[in-house]
Amino acid sequence: MKTTIQEQDGNLVAIFDGRLDTAAAPQCEQDLKPLMDCAGHDIVLDCTALDYISSSGLRLFLGVLKNAKPKGSHVYITGMNADLRNVFTMTGFINLFEFK
Amino acid sequence: MSLSKKLNKSVAIRTTFIALLMSTIILVLFALWQSHQVRKVVVADVQRQASRSMDNAIGTIIDRLSSVETAVETASGYADIFAKDEKSCYQLLERLIKNNADISAVTLLYRDQYFPRQGSYYAPTVYREYGGTGLVTDEIGGPESNFCYLETDSNWIYTNKLRHGYWCLPYLDSMSTKRPMVTYSVPLYEPDSSIYAVLCADIDLNWVKKIMDSSKPYPYSRVSVVSRDQQFICHPDSSCILGVNVYEHARKKGDQKSIELIHRMLRWERGSDTMNTSFWAGTDGSDIADPDDDVDWDSGPVIVYFAPVGRVQWAVSFTIPESKILEGPNDLRNNMLLISLFTLLMTALVLFVVIHRQLRPLKDLADSTRELAKGHFDVPLPVIRRNDEIGRLRQAFADMQTSLSHYVDELQATTAQKASMESELNVASSIQMSMLPKIFPPYPERDDLEIYGRLTPAKAVGGDIYDFYIRDEKLFFCIGDVSGKGVPAALVMVMTRALFRTISAHEAAPERVLAQMNETLSEQNESNMFVTLFMGVLDLPTGRLRCSNAGHDAPLIVGEQVAVMKVDSNIPLGVMEWKYTAQEMLVQPQTTIFLYTDGLTEAENASHGQFGEQRMLEVARQALADGRHNPDDLLGLMQDAVHQFVDGAEQSDDLTMLGVQYTKEQRAESLQRDITLTNDVQQVPQLAAFVDEVCEALGFDMSTTMQMNLALEEAVVNVMSYAYPAGTQGDVHIEAQANDVRLKFTITDSGVPFDPTAKEEIDTTLSAEERPVGGLGIFLVREMMDSINYERIDGKNVLTLRKKL
């Protein structure tokens with residue numbers, strides 16, 4: 001599991017690659033720390049290469065969103081495959097995030 | 001229409017009829033009595049009258065006879081002066097006849113050869129010329145007449161023997177006139193007291209008839225005079241006069257009473273008698289034609305008054321027909337009856353009209369009442385402006401009409417209210433019933449379970465409860481009975497069911513469910529309602545049954561044999577705090593657990609006998625013997641047995657039964673893999689590899705594989721995180737088994753008891769700010785798998801996840 005943070009067009013982009021399971025979640029949480037300071041920037045979570053996400057991963061996503069929202073930043077999700085999107089639908093997360 | 005029908009139909013006719021009848025009876029009785037009285041008076045009066053008339057007549061007769069007697073006696077005193085000479089004797093006779101108008105002839109009968117010149121039996125006589133006024137002098141004696149008056153034994157010469165004045169028996173004049181005559185004879189004596197002649201004065205008796213007729217008390221009465229020689233001197237039929245013996249006359253008629261009467265008369269009695277008219281029939285037995293009277297002597301009795309005339313030994317009689325005597329009274333009576341009858345009829349008519357008119361309002365009232373009876377409460381009553389009984393009756397009817405209409409309105413309101421209450425109760429009942437599972441079979445898709453339940457409430461809303469549902473491959477079921485009946489019991493029942501559902505939703509241990517329910521129900525239980533409840537949790541994959549009882553009847557186990565389940569009874573819910581105990585057993589496939597309320601065992605027949613546990617056990621045994629112990633059949637048989645037993649008696653208590661049959665079949669496992677991990681989340685990749693391997697073996701697609709991964713990861717991480725408190729070490733063993741219908745993962749650990757299924761469900765609709773960070777794991781497991789099931793077996797937590805293939 002590899003998580004990369006980039007800045008593109010004024011947005012903070014997090015690119016996930018691999019399986020975001022419980023085992024990978026602590027490292028991923030560390031990798032996502034730069035997104036905490038997101039004032040003035042929208043956040044894009046690029047899930048194009050994300051193979052799998054468990055509830056631990058969903059918790060991380062929710063953490064990002066809960067941090068960004070009070071600062072006026074939007075959190076977008078891009079490139080998510082159908083299976084993962086299904087998980088988001090099931091859990092109601094699809095209502096929380098904006099999808100590009 | 002017959003009289004009695006008419007009488008029954010009309011008060012006016014009946015009253016009139018009765019009044020008429022009574023008046024007539026009284027009147028007739030009075031008329032009879034009065035007639036009798038009048039008759040007595042009239043008869044007495046007639047008797048007086050007759051008596052007086054008789055005295056008059058007798059007096060007159062005696063006067064006349066006396067005057068003749070006196071004249072003859074006087075003449076005899078000085079007869080010697082004339083009688084000694086054959087010529088001058090005529091002077092005596094003429095003198096005598098001239099001075100006495102009653103005397104029709106006088107004769108001197110000399111003894112034989114008194115005047116030798118004149119020969120034997122000289123009898124000079126002077127008589128009145130019949131039909132004229134002159135006197136005729138004649139000599140009727142002498143040898144040529146062959147009459148010797150003095151020596152024959154004839155009537156005339158009794159005097160001679162008696163030596164004093166003598167009235168002879170009446171006789172018919174020997175002359176052509178044939179008049180009835182009587183003669184008074186006086187002897188004339190020589191100085192030596194020998195009789196030389198007899199002075200005879202003949203009297204025409206026609207005057208007797210005249211006297212009698214003139215003395216008649218009534219013009220229509222008849223008179224008769226009978227002489228001592230039993231001859232009629234006077235009789236309406238002149239042919240009877242001195243021609244018929246009165247006895248013979250009466251005997252000819254064969255009339256004993258007449259003979260008796262004649263006896264009395266000839267004994268010179270005075271009196272009266274009543275007899276038939278034949279006494280007065282003529283000699284030939286027919287009535288005498290008498291133009292003077294219009295009396296029908298042949299009909300009706302007559303009264304005969306009779307008295308003697310002492311001097312001459314005659315008996316006079318007046319005969320008066322009773323009908324004539326009573327003519328007056330009878331006429332009076334008849335007139336009175338006619339008048340009375342007329343009056344009665346008039347009165348009856350008036351009575352009828354008046355009563356009819358008086359009662360007419362009643363008929364109108366009856367018509368109104370009939371209308372009233374049809375439900376027309378506003379029908380106008382007839383107007384009766386009277387203050388009498390009928391007026392009061394009408395007032396009473398008016399009052400009745402008012403209250404009746406009032407009551408009916410009230411009744412309608414009450415009925416409507418009751419109907420609405422009943423419909424509300426029905427709604428309540430249907431709400432209550434709808435809370436109970438009522439679609440059977442409830443799980444047609446399952447092959448490991450058969451359930452059948454039945455609740456027959458005694459009243460519309462009952463206090464019995466049964467319920468069941470499956471959560472995480474566990475069947476939660478219960479049966480209970482709320483104390484009391486009706487709406488309060490139903491309310492508690494609804495609450496009990498709600499508690500059962502909400503508490504068991506996250507608590508799989510029945511004893512703890514009961515404990516929590518008890519806690520809630522005991523709080524503020526002011527009405528002291530309590531609930532007996534049996535609760536079971538059947539683990540469907542394994543057939544393990546865990547149950548706890550709160551004072552309810554222990555269920556039957558109908559498996560290899562019929563037995564009562566051994567459970568602690570504890571105490572009913574809602575009484576007080578209690579630590580409930582639980583029992584555990586393994587239910588063999590095909591075994592039926594039969595739960596019931598005491599409505600079954602205490603079902604009563606008409607003679608208050610109870611169905612009882614023995615009968616229930618027998619039905620269950622028979623059902624088992626017949627292989628019909630599946631819930632549907634067993635409940636049906638039980639219901640039939642109860643119906644047959646109570647035989648139509650009213651159901652006194654709710655009757656509730658629930659049958660649970662465990663029908664799991666063992667299937668051969670086609671795949672079996674396992675892996676043991678430590679409680680370290682870093683081992684999740686190994687888990688993923690294991691799941692991928694299993695999924696690949698089963699040929700799952702990518703998507704399903706990912707779902708299995710997700711479910712397993714969440715479940716295992718959950719166990720790792722909670723079964724083993726922080727800092728402790730332990731293993732988590734994961735076994736994958738698959739047969740041709742499902743894939744099963746069994747996650748076993750030796751940690752502290754931890755039931756992840758008892759976690760409350762998360763709410764997926766909350767906003768980001770409101771969403772809790774945790775709780776998603778088990779939710780995802782439920783979503784991905786077909787079932788999740790927790791059991792604590794032999795000190796281990798056993799979590800089973802199933803996915804249908």
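How many residues of chain B are in contact with residues of chain A? In this predicted model, 22 residues of chain B are in contact with 18 residues of chain A, contact meaning that C-beta atoms, placed from the backbone, lie within 7 Å. On the side of chain B that touches chain A, H18(B) gives the most, with seven residues.

The model is predicted, and local features need pLDDT of at least 70, side-chain atom pairs count only at pLDDT 80 or more, and totals for chains, interfaces and linings use all residues. Residues are numbered from 1 along each chain as its sequence is written, while chains are lettered from A and ligands numbered from 1 in the order in which they are written.

Chain B contains 19 helices and 27 strands; these are DSSP runs numbered from the N terminus, helices being H or I of at least four residues and strands E of at least two. Of the 805 residues in chain B, 36% are buried, that is, with 20 or more other C-beta atoms within 10 Å of their own.

Helix H2 (residues 11-77) and helix H10 (residues 327-373) of chain B have axes that come within 9 Å and cross at roughly 165°. H2(B) and H10(B) are therefore roughly antiparallel to each other, the term for angles over 145 degrees.

| Set | Residues by class |

Notes:
A residue is buried if 20 or more other C-beta atoms lie within 10 Å of its own, exposed if 12 or fewer, and partly exposed in between; C-beta atoms are placed from the backbone. Axes are lines fitted to C-alpha atoms, for helices over the stretch in contact, and angles run from 0 to 180 degrees between N-to-C directions. Angles under 35 degrees count as roughly parallel, over 145 as roughly antiparallel, 65 to 115 as roughly perpendicular and the rest as oblique. Two residues are in contact if their C-beta atoms, placed from the backbone, lie within 7 Å.
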